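Here is a brief report on pockets and aromatic contacts. Look over the sequence and the model before reading on.

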Amino acid sequence: MTSSQIGAVDTTQYTADETMTIAAARALTNGTRCFVGIGLPSTAANLARTTHAPDLVLIYESGTLGSKPSRLPASIGDGILAETADAVISVPEVFNYWLQPGRIDVGFLGAAQLDRFGNINTTVIGDYHHPKVRLPGAGGAPEIAASCGEVFVVMRQSRKSFVEQVDFITSFGHGRGGGERERLGMWGTGPTRIITDLGIMQPDDRGELVLTAVHPGVTVEQVRAATGWELKVAADLVVTAPPSDAELAALRALQAAS
């Protein structure tokens, strides 16, 4: 595949954020039990549930199982999650009886920083004791990253966010690669898909992220320019399907209702 622009798709009818969110929603399959983070992951998960995956089970850290909100929740404490849930349980039950025993298929997370092995930082930018920026912190993300069957990450891509090595490992990805998760006894397989506004990355056998897809109109050079390490590119690199009219309408309806 050449490094020039791939395809001749008209991308003026939707934004890069919409492309990313729809690509992230497509990654979720019907019937999957998904532990959802607030923000972009929640938008993508709710879009999936309202389109191709009506039986997607959304689980939020606040203890809501099977939530079906008609709008995007503002936080894990938004009342609409409890009002539309199949069940509401305590936070310790979510972690002790659902997450840690391996009963959740997919953890859907965002990040402030992410490195070449899928490690996530949501704690600090810079030195931990004298940070340039103090971020919101961990929440339940470390347990989600450790114990879900697999982890999807959705985030906007730039050299500030996609770094050679994160400043602080909040949520463990593949460590330094080479089976480190297994040596540490972590239950899940870790990050298997990173969806950005430019494309999709997936880990190789060592756990290092490889570019496997670009979004319509995006070049390999653009992705590499927005990555803080020497990004590997899959030999069978593909282009994601552009957002459909139905997907765009459903996403915009969710956002308008919020």
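Which charged end sits over the ring of Phe-152? The charged end of Arg-193 does, 5.3 Å from the ring centre. The model is predicted.

## Aromatic pairs

The whole structure holds four aromatic pairs. One of them joins Phe-35 and Phe-95. The rings are tilted, with 5.9 Å centre to centre and 50 degrees between the planes. Phe-35 belongs to strand S1 and Phe-95 to helix H4 (residues 91–99), so the pair ties together parts 60 residues apart in sequence. Phe-35 and Phe-95 are buried.

Phe-152 also pairs with Phe-108. This pair is edge-to-face: 5.9 Å centre to centre, 85 degrees between the planes. Phe-108 sits in strand S5 (residues 106–109) and Phe-152 in strand S10 (residues 150–154), so the contact links parts 44 residues apart in sequence. Both residues are buried.

## Largest pocket

The largest pocket has a volume of about 520 Å³. It is lined by 28 residues; the closest to its centre are Ile-38, Gly-110, Ala-111, Thr-122 and Gly-137. Strand S1 (33–36), helix H2 (40–50) and helix H5 (141–147) each give two or more residues to this lining. By class, the lining has 17 nonpolar, nine polar and two charged residues.

## Second largest pocket

The second largest pocket has a volume of about 170 Å³. Its lining counts 15 residues, with His-174, Glu-182, Thr-189, Asp-205 and Gly-207 closest to the centre. Helix H6 (180–183) and strand S12 (191–195) give two or more residues each. H6 supplies the largest share, three residues. The lining of this second largest pocket divides into two nonpolar, seven polar and six charged residues.

Definitions and conventions:
Residues numbered from 1 in each chain as written. Predicted model: local features only at pLDDT ≥ 70, side-chain atom pairs only at ≥ 80, totals over all residues. Heavy atoms only, no water. 1 Å grid on protein atoms, 1.4 Å probe; cavity = no way out; pocket = protein on both sides within 12 Å on 5 of 7 lines; lining within 4 Å. Points joined across faces, edges and corners; volume = space filled by probe spheres on them. Helix = DSSP H or I, 4+ residues; strand = E, 2+ residues; numbered from the N terminus. Nonpolar A, V, L, I, M, F, W, Y, C, P; charged D, E, K, R; others polar. Phe/Tyr/Trp six-rings, centres within 6.5 Å; stacked < 30°, edge-to-face > 60°. Buried < 20%, exposed > 50% of the residue type's maximum accessible area, 1.4 Å probe, protein only. Lys NZ or Arg CZ within 6 Å of the ring centre and 35° of its normal.
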